[in-house]
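Here's a quick briefing to read alongside the model. Have the sequence and the 3D view open as you go.

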Amino acid sequence: MSVERVGAGNKHVASVNPWSVDEKLALLSCYIGTQHGQGGFLKATRQAPARYYIDLFAGPGQNQVKGTDQIVDGSPLIALKAGPPRFSHLYWVEAKRRSAASLEAHQREYPDRGITILLGNANERVDDVLRTLPRKAPTFAFLDPYASELDWQTVVKLARHKAHGFPKIELFILFAVDTAYLRLMPRASWKMRYQAVLDRVMPDPEGWRRLYDRRAAGGYKPQEIRRAMLDEYVAGLRSLGYKWVPAPRLIFRSDGHPLYFLIFASDHKAGNDIMEWYLKHVQQSRRQPSLLNYADQY
Ligand SMILES: C[S@@+](CC[C@H](N)C(=O)[O-])C[C@H]1O[C@@H](n2cnc3c(N)ncnc32)[C@H](O)[C@@H]1O
């Protein structure tokens, strides 16, 4: 994703691939509830006195779809404009100074909205978010790294931030299985140099090593290791107490090459049912549709 100047103030756009818009951002948008009031998280939490949004990898606010002149809102602006009801407060975390400045330029256009912008590493700034985030309010967190930037401990901190008897923060996570993790697992084990990264991003240091050793012993076909890594991650989410994790969606490049999973985790059956429906039905309009049921595609 490269960042380029678009002219107005400090705003910038990132350049993104079409599947990010058609699937990842479409799913976010449908689930939180921007499709003419349908959905989703905001509608389901309308009785609550307040509801919160966390975006730990926020980007500059808007994106230009590669190969087109189409400019679309990125996740922070999708969440900002979603509703009614609106998010009561939004936390936007971004590591690049230029993108954070762009977020501030967008924020200036919404002086009456509660927005906290934090510059820095999401895995550190999450502590600052959680310091002020109420423990009883419904909260949705979008965790959208490029690759291996999301530490498992950050997921743990979000999962644990709740008062007794109240639901956990809902998570929507980009799990970078082909874009990062499988690339960090060379077939020849003597070439392996990424143990520390995998230990940091995966739930269980023993777990991914078991899968890696099994693959080295010829125990997996290519698609099976992808699925095994996903199962390992989902087991981690369940061990944190998430009751509902619908079948994640595997996102493909336009030529059919697999890229990453989108994983949703919730304490709410209603949230699960809504997102499960969207995970099955949001279409990638620019790719040949698969004849397989989405859960059978990987
Ligand atoms: C995939 S993009 C996010 C796109 C955004 N969600 C959207 O919809 O436009 C990942 C973003 O995370 C930022 N980033 C990368 N590593 C980070 C880190 N450790 N902490 C916070 N932000 C990070 C990048 O600068 C980039 O803007």
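This is a predicted model: local features need pLDDT of at least 70, side-chain atom pairs count only at pLDDT 80 or more; totals for chains, interfaces and linings use all residues.

Residues are numbered from 1 along each chain as its sequence is written.

**Helix H1**
- H1 covers residues 18–32 and reaches 21 Å from its first C-alpha to its last, close to the 21 Å expected at 1.5 Å a residue (helices are DSSP runs of H or I, at least four residues, numbered from the N terminus; the expected span is 1.5 Å times one less than the number of residues).
- There's a bend of about 35 degrees at Ala 26 (the angle between axes fitted to the seven residues ending there and the seven starting there).
- H1 is largely enclosed by the rest of the structure, because 13 of its 15 residues are buried (20 or more other C-beta atoms within 10 Å of a residue's own, with C-beta atoms placed from the backbone).

**H1 against H11**
- Leu 27, Cys 30 and Tyr 31 of H1 meet Ile 274, Met 275, Tyr 278 and Leu 279 of H11 (contact means C-beta atoms, placed from the backbone, within 7 Å).

**Ala 180**
- Ala 180 sits in helix H7, residues 177–181, and counts as buried because it has 22 C-beta neighbours inside 10 Å.
- Leaving aside residues up to four places away in sequence, Ala 180 touches Ala 147 and Ser 148.

How values were computed. Helices (H or I, at least four residues) and strands (E, at least two) are DSSP runs, numbered from the N terminus. A residue is buried if 20 or more other C-beta atoms lie within 10 Å of its own, exposed if 12 or fewer, and partly exposed in between; C-beta atoms are placed from the backbone. Two residues are in contact if their C-beta atoms, placed from the backbone, lie within 7 Å.
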